[in-house]
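Me: I would like a close look at the aromatic rings of this structure and at the charges placed over them.

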Amino acid sequence: MPVPKRRRAALTVLAAALWLAAGPAGAIVGGAEAPAGGAVRLLSSNGGVCTGLVLAPDTVLTAAHCVAAGREHRVHFRDDSGAPVLVEVAARAIHPGYDAGAAAGRRKSIDLALLRTATPLPPRFAPVTLSAAPPRAGERLTLAGYGAAKPGDPRSTGTYRSVSLPVIEPHGPSRILVWLQGGAGGGRPGDSGGPITGPDGSVLALAAWIGGACGGLTQGVLVGPQRGWIDRVLEGWGRNARWSG
């Protein structure tokens with residue numbers, strides 16, 4: 001689909017700004033820089049930045065609110081020379097259980113989306129492994145993402161960082177969500193869609209919501225209960241996800 005020149009220009013300017021601003025600045029509170037592996041950035045024509053996970057060379061899993069309708073989105077990375085690259089999105093699937101007004105209405109929402117890129121991503125973005133293992137209260141999981149070093153400033157994104165946080169159950173155990181909170185550590189804007197992984201490195205959930213100040217309560221959507229939807233969409237695209245166990 002042709003991209004309007006104005007939106008294409010906005011995305012290009014944002015990508016260039018991210019390239020110039022990228023460096024050792026922090027993102028996730030209390031974390032440390034980590035290898036990106038299968039994680040990429042997503043840019044929105046309104047200036048939004050999120051994290052996405054590669055499931056296949058041309059398929060990315062992210063949070064649904066990151067790719068809301070009415071905006072243009074691109075997968076962003078830097079090539080071997082450090083120059084910004086924007087990859088167009090050829091297809092998008094929003095989970096039918098996604099509810100954009102869930103937070104305000106205190107309703108549950110399956111905040112997941114799948115994207116198929118117009119061209120394959122570089123081989124260095126190895127597909128991640130998903131896991132249906134249920135998290136346990138007190139268990140430490142790893143949250144990662146490209147979130148902003150300064151709240152509200154998308155130009156300060158770009159460094160992939162991770163932090164280990166314990167699972168808590170503020171509303172009791174959930175079959176859909178997982179909550180993380182631990183001291184001064186946590187997520188920031190831009191970490192939405194980032195992985196929440198177990199000790200073996202497999203992805204149990206995707207970050208979907210950050211409560212309070214940066215580093216506060218982080219809510220993730222478990223991928224295991226949504227395996228049927230993920231696999232059905234990928235099968236329709238002629239793709240498949242890697243699952244542990």
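Which charged end sits over the ring of Tyr146, and how far is it from the centre of that ring?

Reply: The model is predicted: local features need pLDDT of at least 70, side-chain atom pairs count only at pLDDT 80 or more, and totals for chains, interfaces and linings use all residues. Residues are numbered from 1 along each chain as its sequence is written, and side-chain values use heavy atoms, with hydrogens and water left out.

The charged end of Arg41 sits over the ring of Tyr146, 5.5 Å from the ring centre. A charge sits over a ring if NZ of Lys or CZ of Arg is within 6 Å of the ring centre and within 35 degrees of the ring normal. Arg116 likewise lies over the face of Trp237, at 5.6 Å from the ring centre.

Rings of Phe, Tyr and Trp (its six-membered ring) pair if their centres lie within 6.5 Å; planes under 30 degrees apart count as stacked, over 60 as edge-to-face and the rest as tilted. By this rule there are two aromatic pairs. In one, the ring centres of Phe77 and Phe125 are 5.5 Å apart and the planes stand at 65°, so the pair is edge-to-face. Phe77 belongs to strand E5 (residues 73–78) and Phe125 to the loop between strand E7 (113–117) and strand E8 (129–130), so the pair ties together parts 48 residues apart in sequence. Strands (E, at least two residues) are DSSP runs, numbered from the N terminus. Phe77, at 10% relative accessibility, counts as buried, and so does Phe125 at 8%; buried means under 20% relative accessible area (1.4 Å probe, protein chains only).

The rings of Tyr146 and Tyr160 have centres 4.9 Å apart and planes at 55°, so this pair is tilted. Both Tyr146 and Tyr160 are buried.

Conventions. Helices (H or I, at least four residues) and strands (E, at least two) are DSSP runs, numbered from the N terminus. Buried means under 20% relative accessible area, exposed over 50%, partly exposed in between (1.4 Å probe, protein chains only).
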